[in-house]
Amino acid sequence: MPNNHRLRRLATEDAVHLWSVRHRHARTGPCEEVLSLYAEGSKVPLRLVFREGEGRYVSEALMATGCVAKSDSKALNLREPGAVRQLVNAARAAGWLPGVGERDGWVLFDAAFRGAG
């Protein structure tokens, strides 16, 4: 099984990003998949959080580690560079990059899915 916590490198047309994925369990809430994006040279990431909820699913027993999906059968694998590239593009278009802190990754999901397809 790959180490999802290691930083991977993604070069885009105008920037280099380091990224990692992890699954986390909230003490009182649903599970989450978290994609951390670091601008090259930065130590503080933009974290895209995909929280499980109505019609929104994160990896558990039925999906591979790092996958997020919606009830309309759309899915992204956050361990795949192509999916991460599309999320970076969507985050840039939304004005989130460069950025710091946690944001709701579902806001970018449909744009990233369209770009990946």
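**Note on salt bridges and overall fold**

1. Glu-102 has a relative accessible area of 43% and is therefore partly exposed. The model is a predicted one, and the remarks below should be read with that in mind. Glu-102 pairs with Arg-24 in a salt bridge, with 3.0 Å between the closest N and O atoms.

2. Glu-102, at 43%, is partly exposed.

3. The Arg-24 and Glu-102 pair belongs to a network of salt bridges that also takes in Glu-32 and Arg-51. Over the whole structure, the search returns seven salt bridges.

4. Lys-74 takes part in a salt bridge with Asp-72, the N to O distance being 3.6 Å. Asp-72 is partly exposed, with 41% relative accessibility. Lys-74 is likewise partly exposed, at 25%.

5. Lys-74 also forms a salt bridge with Asp-110, whose closest N and O atoms are 3.5 Å apart. Asp-110 belongs to helix α2 (residues 106-116), while Lys-74 is in the loop between β6 (67-70) and β7 (75-77), so the pair connects parts 36 residues apart in sequence. Asp-110 has a relative accessibility of 27% and counts as partly exposed.

6. Ser-73 deserves a look at the backbone. Ser-73 is not a glycine, yet its phi is positive, at about 70 degrees. Most residues other than glycine have a negative phi. Ser-73 is placed in the loop between β6 and β7, and its relative accessibility of 68% makes it exposed.

7. On secondary structure, the chain contains eight strands and two helices. Their order along the sequence is β-β-β-β-β-β-β-α-β-α.

8. How does the radius of gyration of the chain agree with that of a compact globule? For 117 residues, such a globule would have a radius near 13 Å, and the chain has 13 Å, which agrees. The C-alpha trace spans about 35 × 30 × 25 Å along its principal axes.

9. Of the 117 residues in the chain, 40% are buried. Among contacts with a separation of 6 or more, 46% come from residues 24 or more positions apart.

10. The surface and charge figures are as follows. The chain exposes about 6600 Å², of which carbon and sulfur atoms supply 49%. There are 17 positive and 13 negative side chains, and the centres of these two sets are 5 Å apart.

11. One is the network that links Arg-24, Glu-32, Arg-51 and Glu-102. The other is the loop between β6 and β7, which holds Ser-73 and also Lys-74, the partner of Asp-110 in helix α2.

Key. Residues numbered from 1 in each chain as written. Predicted model: local features only at pLDDT ≥ 70, side-chain atom pairs only at ≥ 80, totals over all residues. Heavy atoms only, no water. Salt bridge = Lys/Arg side-chain N within 4 Å of Asp/Glu carboxyl O. Buried < 20%, exposed > 50% of the residue type's maximum accessible area, 1.4 Å probe, protein only. Helix = DSSP H or I, 4+ residues; strand = E, 2+ residues; numbered from the N terminus. Rg over C-alpha atoms; globule rule 2.2 N^0.38 Å. Contact = heavy atoms within 4.5 Å. Areas by Shrake-Rupley, 256 points an atom, 1.4 Å probe, with all protein chains shown as cover. Lys, Arg positive; Asp, Glu negative; His and termini not counted. Charge placed at Lys NZ, Arg CZ, Asp CG, Glu CD.
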